[in-house]
Amino acid sequence: VSMQDANWLVDPSRRGTLTGVGAEVTKVDKQVLRALGERLATIAALPVHAETASRWSAMNALRHVKPMVWIDEVPWHEMDVDDELRLQTTSEWSRYHEWEMRKLIYQWEHMPADMVVEPVVWSPLVVHSTGVGLTEDVDIVMTDEASSIVSRHFNVQIRDEDDLEKIKTPIVTHDSAASEQQYERLQEILGGIIEVKKRGVNGFAFWVAPWDHLIRARGVQEALIDLYDRPEFVHKAIDKLVNAYLSALDQFEQLNLLTLNNAYNRVGSGGLGYTDELPQPDYDPAHVRAKDLWGQSAAQIFSTVSPPMHWEFSLQYEVRWLSRFGLTYYGCCDPLHRKMGILEKVPNLRKVSMSPFINIDEAVANVGNRYVFSYKPNPAVFAEDIWHLDRARHELETVLDKAKAHGCVVEVIMKDVSTLRYQPQRLWEWARMAAELTQRYGD
């Protein structure tokens with residue numbers, strides 16, 4: 001399996017490959033990529049980006065700035081207007097880079113919020129892994145064939161302790177020749193227009209959520225019943241899976257495949273990772289370590305599991321992963337407002353996800369100013385027949401008022417947008433509203 005960002009640690013159903021590196025890039029493809037590179041370079045030269053990056057860094061240091069707004073996980077198949085996202089290149093390699101640049105330009109022009117455009121195009125290292133042995137067997141139901149967002153039913157593959165042998169220790173390798181070939185190809189096309197840099201494993205590749213992975217092989221209902229019926233079985237399964245992740249991390253360090261994620265990188269299910277606290281003071285640019293990076297984890301399936309059981313069967317194992325990193329983020333769509341007591345045990349925890357399903361009064365009181373309050377507005381508002389921007393504004397304003405009253409440091413993350421009813425303007429309008437509203441809450 002060949003992966004761009006080792007996202008097999010996250011979701012074994014997604015294989016982020018980039019093939020066709022050796023294929024000839026046509027003259028037209030080069031012209032398209034160069035034009036997009038020129039547009040990106042022009043946008044990145046705007047002074048506002050340095051100012052925005054500085055505010056992200058201040059927020060991540062728990063200083064009170066205006067709540068930062070970030071938009072991610074949007075239904076790109078619904079977003080095209082006037083062919084802005086229509087791919088014009090032909091080879092898979094060219095289309096990969098064209099798509100990445102077009103999305104950045106589109107987001108900046110229509111829904112920037114507090115995004116930052118850096119003057120760089122990334123050339124990913126070619127990393128291979130044998131994986132952890134669990135590939136999902138799944139039944140899928142689709143409501144929109146153009147969308148990658150589907151409903152899944154996981155077929156049980158792990159039934160007893162013998163089946164735990166299916167969990168394997170991954171073997172990670174790096175095809176340095178292919179990595180260099182990719183870099184030289186991109187440098188040939190974009191050199192002199194915008195900086196090209198190699199990128200190893202970083203960012204969302206470190207979204208390690210063992211339970212998100214395990215339920216794909218064990219089943220949701222079965223796994224939750226196991227907590228009561230077969231606790232020792234659960235401990236063995238999670239222990240083995242986390243050991244596999246840690247082995248991969250060791251190999252990433254040994255093979256020198258890590259890249260810093262303290263800039264324009266998404267951290268966990270939250271916003272950008274700009275910070276002056278990473279890398280560590282003894283950082284060696286020639287060899288990035290896990291402790292120079294942000295780490296992240298979650299146990300979304302534990303939303304209704306008590307704090308003691310969450311610690312016993314999940315968090316104590318996730319801490320083994322999180323403790324390897326310099327700063328950490330925890331949570332996703334799970335309501336964590338009543339679990340801050342156990343989250344205090346997470347080393348270097350800096351940001352905590354707060355989903356739309358929290359009790360906001362308890363959440364702001366329990367988080368206070370000790371962590372970044374990574375708030376997720378409910379994206380369901382975009383899916384209704386009639387678009388209610390005023391209601392979305394009122395909901396966000398209510399949360400921000402209560403967070404400010406308790407001294408919370410807040411980021412607002414609009415994510416998991418399954419549909420906009422093919423009206424991308426809904427998200428554009430939300431972005432403008434959120435940007436204007438959050439300006440009122442800065443010190």
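Okay, let's start with burial: of the 443 residues in the protein chain, 54% are buried. Buried here means under 20% relative accessible area, exposed means over 50%, and partly exposed is in between, using a 1.4 Å probe and protein chains only.

A quick word on what you're looking at. This is a predicted model, where local features need pLDDT of at least 70, side-chain atom pairs count only at pLDDT 80 or more, and totals for chains, interfaces and linings use all residues. Residues are numbered from 1 along each chain as its sequence is written, and side-chain values use heavy atoms, with hydrogens and water left out.

Now the overall build. The protein chain has 12 helices and 14 strands; these are DSSP runs numbered from the N terminus, with helices being H or I of at least four residues and strands E of at least two. The chain's radius of gyration is 22 Å, close to the 22 Å from the globule rule for 443 residues, so it is as compact as a globular protein of that length. That radius is taken over C-alpha atoms, and the rule is 2.2 Å times the number of residues to the power 0.38. Along the principal axes, the C-alpha trace spans about 65 × 50 × 50 Å. Then contacts, meaning heavy atoms within 4.5 Å: among those between residues at least 6 apart in sequence, 75% join residues at least 24 apart.

Next, the inside. In soluble globular proteins, nonpolar side chains tend to be buried together. A nonpolar core, for us, is a set of buried Ala, Val, Leu, Ile, Met, Phe, Trp, Tyr and Cys residues joined through side-chain atoms within 4.5 Å. Which members of the largest core touch the most others? Out of 94 residues, they are Met 79, Met 111, Trp 211, Phe 373 and Trp 430. Helix H7, residues 231-254, supplies the largest share of this core, with 12 residues. Apart from that core there's another one, of 31 residues, including Trp 70 and Val 409.

On to charges. We've got 35 salt bridges in the structure, each one a side-chain nitrogen of Lys or Arg within 4 Å of a carboxyl oxygen of Asp or Glu. Take Lys 240 and Glu 165, whose side chains meet at 3.5 Å, N to O. Lys 240 sits in helix H7 and Glu 165 in the loop between strands E6 (151-154) and E7 (172-174), so this pair ties together parts 75 residues apart in sequence.

Arg 391 and Glu 395 also form a salt bridge, with their closest N and O atoms 3.9 Å apart. Those two are four residues apart in helix H11 (residues 389-405), which puts about one helical turn between them.

Then there's Lys 415 with Asp 416, bridged at 2.5 Å between the closest N and O atoms. Lys 415 is buried, at 3% relative accessible area, whereas Asp 416 is partly exposed at 32%. Both belong to a salt-bridge network that also links Asp 72, Glu 73 and Arg 266.

Last stop: Asp 334, in the loop between strand E11 (327-330) and helix H9 (340-343). The Asp 334 side chain does reach the backbone nitrogen of Cys 332, at 2.7 Å.

How values were computed
A polar contact is a pair of N or O atoms within 3.5 Å; within protein, one must be able to donate a hydrogen and the other to accept it, and residues adjacent in sequence count only if both atoms are side-chain atoms.
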